[in-house]
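Shall we walk through this model together, one feature at a time? Have the viewer open and ask as we go.

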Amino acid sequence: MLKVPEHQVAGHIAKDGKLGPLVDNQGRFYKPLQGDARGENEAKFYESFSSNKNVPDHIRGYFPVYHGVQLVEASDGSGKLPHMVLEDVVSSYVKPSVMDVKIGSRTWYPDVSEEYFNKCIKKDRATTTVSLGFRVSGLKIFDCQESGFWRPDKRVVLAYKADGARTALRKFVSSNSLADDSVPDCAYASEVYGGSNGILMQLLELKAWFETQTLYHFNSCSVLMVYENESGGDEERRPQVKLVDFAHVLDGNGVIDHNFFGGLCSFIKFIQDILESSDNRCENGH
Amino acid sequence: MLKVPEHQVAGHIAKDGKPGPLVDDKGRFFKPLQGDSRGEIEVKFYESFSSNTEVPDHIRRYFPVYHGTQAVEGSDGAAMIVLENLLSKYSKPSVMDVKMGSRTWYPEASEEYIQKCLRKDARSTTVSSGFRISGFEVYDHKELSFWKPDRKLLNGIKVDGARLALRKFVSSNTLSDTSSKPDSAFASSVYGGSRGVLTQLLELKTWFENQTFYHFNSCSILIIYENESIHEDGARAQVKLVDFAHVHDGNGVIDHNFLGGLCSFINFVRDILQSSDESTDN
């Protein structure tokens, strides 16, 4: 039985008769192949990537596993449509906090239509994409105080400036109330962002690959950050970084993905700053 | 006595009554303060940078030394920025100017400027590769003279053209003859080695991964090396950052635009170094 994913934070949502992705109860995510070239391009990327021997194994782990294309009953009732079958990256979590961050100081790329270029650059300039090299696309954070999820409106998220992005990244790892204006306590910063398996380490591993890989240009791709909130006797946070959304990926053609790399480094700096200031606070007994 | 610099490869030159840079015989470079806010921004940057105690010494040497501003004779009393003449210690320098970043515009610029930059960035290798070669001049060891590609030709090059230019820059064979392949004879002396261009670029890159002081919009990296006695004394290659008319405060954010372009440029240089190493092995 396929159903609408609970924890999707960005992209098309299969709700109210709209076409969107679905999940099963076996850890798989079904993403409908969108009508235009995008779905085809994304499937093409996954096919290429799955069989690309030049991608090291430890990097492969940052990408959802691909299980090919299947005809599946579409969420908008339009019948059986081809869907990409992917690993559902949040399926192993009970109460995941999720954040989608689109990486790169531009979401457009050479040779796109003028219409698409104008649409992208307008959004890039209105958000933190141009200024920071990344923008928060969506988030859903478990609020311990409320015992429920906090999910700010998409329009609010897209209106973030540098401060808003920083606050969202702090709230992502905080235990105090998220919906109001209280200063985020960053209580989980070291468990989620820090540590040998934390988000920062994972991002640094990805960064090292991006310094030299010329296989793909990951235009308009996102970094998805996930971690567990369910406390059930020493349940670890299991923070995870995954790259998602490959509808606009192109061949690298011997050039590194400098757009993604720059944005990734900027994002890493934001995470490092939060980690450092939360470490300082712990040392000072705050 | 001030005169026109010999080896300028990019930027404004003195022409048709409009002021251009000048040099003296004491190792100084005089840059006219550009109209509108650009000259002011460049001075503001140099003043800030010179007194910024958080810039480590090993990074400071990648920037021209600043000697303040001066009204100079023969330039209608117009103020000029006085800088270190980066070429004064070279007798036969090959020079290349590479504008770094996948965009030359920035949020604080005027709409008109942004549109102008977008067009230029898209037509050049800026968007595709994260940098573009603004100009270069290279010494031909066979012809015993300097060669400079046509500016218009350079503006239209794509990725392969950029790669070729970077090879030509470190070659000794006849450069004006487009049918012979560049020999990359000096690739390891200029790009390689413990003090070569690649090492210097990597040092800069490390700083850019963390520094949030400045956003070096539209800045160039200048690469200089000595041709006189290159076989006996080595190339004395130097990397310098130049052109700070559009620098803005970092405001707690790294210069991700420059960093991305720099990393891409590093890969181009490394590729040439590796392929030239491989061909000498053969």
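**Reading the two chains**

A: Let's start with contacts, meaning heavy atoms within 4.5 Å. In chain B, 67% of the contacts with a separation of 6 or more join residues 24 or more positions apart. Chain A also has residues 24 or more positions apart in 67% of its contacts with a separation of 6 or more.

Q: Before we go on, what kind of model is this, and how are residues and chains labelled?

A: This is a predicted model, in which local features need pLDDT of at least 70 and side-chain atom pairs count only at pLDDT 80 or more, while totals for chains, interfaces and linings use all residues. Residues are numbered from 1 along each chain as its sequence is written, chains are lettered from A and ligands numbered from 1 in the order in which they are written, and side-chain values use heavy atoms, with hydrogens and water left out.

Q: How many helices and strands does chain A have?

A: Helices (H or I, at least four residues) and strands (E, at least two) are DSSP runs, numbered from the N terminus. Chain A has 9 helices and 11 strands. Its radius of gyration is 19 Å, close to the 19 Å that the globule rule gives for 286 residues, so chain A is as compact as a globular protein of that length. That radius is taken over C-alpha atoms, and the globule rule is 2.2 Å times the number of residues to the power 0.38.

Q: And what are the counts for chain B?

A: Chain B has 10 helices and 11 strands. Along its principal axes, the C-alpha trace of chain B spans about 55 × 45 × 35 Å.

Q: What share of the residues in chain A is buried?

A: Buried means under 20% relative accessible area, exposed over 50%, and partly exposed in between (1.4 Å probe, protein chains only). By that reading, 55% of the 286 residues in chain A are buried. For chain B, the buried share is 55% of 282 residues.

Q: Which residues does B:I81 touch, and is B:I81 buried or exposed?

A: B:I81 sits in strand β4 (residues 79-84) of chain B, and B:I81 is buried, at 0% relative accessibility. Beyond neighbours within four places in sequence, its contacts include B:F29, B:F30, B:L33, B:V43, B:Y46 and B:Y66.

Q: Lysine next: is A:K140 buried or exposed?

A: A:K140 counts as buried, because its relative accessibility is 8%. You will find A:K140 in strand β6 (residues 134-143) of chain A. Setting aside neighbours within four places in sequence, A:K140 is in contact with residues including A:E6, A:H7, A:F149 and A:W150.

Q: How much area do chain A and chain B bury between them?

A: The size of an interface is often given as the accessible area lost when the parts come together. Here, buried area is the accessible area (1.4 Å probe) that two parts lose on being put together, summed over both. Chain A and chain B bury about 2,100 Å² between them, 61% of it on carbon and sulfur atoms. On the chain A side, A:R125, A:H258 and A:K269 lose the most area to chain B, together 24% of what that side buries. The contact takes 29 residues from chain A and 32 residues from chain B.

Q: Which residue of chain B is in contact with A:H217?

A: A:H217 is in contact with B:S128, and also with residues including A:H248, A:D251 and A:D257. A:H217 lies in strand β8 (residues 216-217) of chain A and is buried, with a relative accessible area of 13%.
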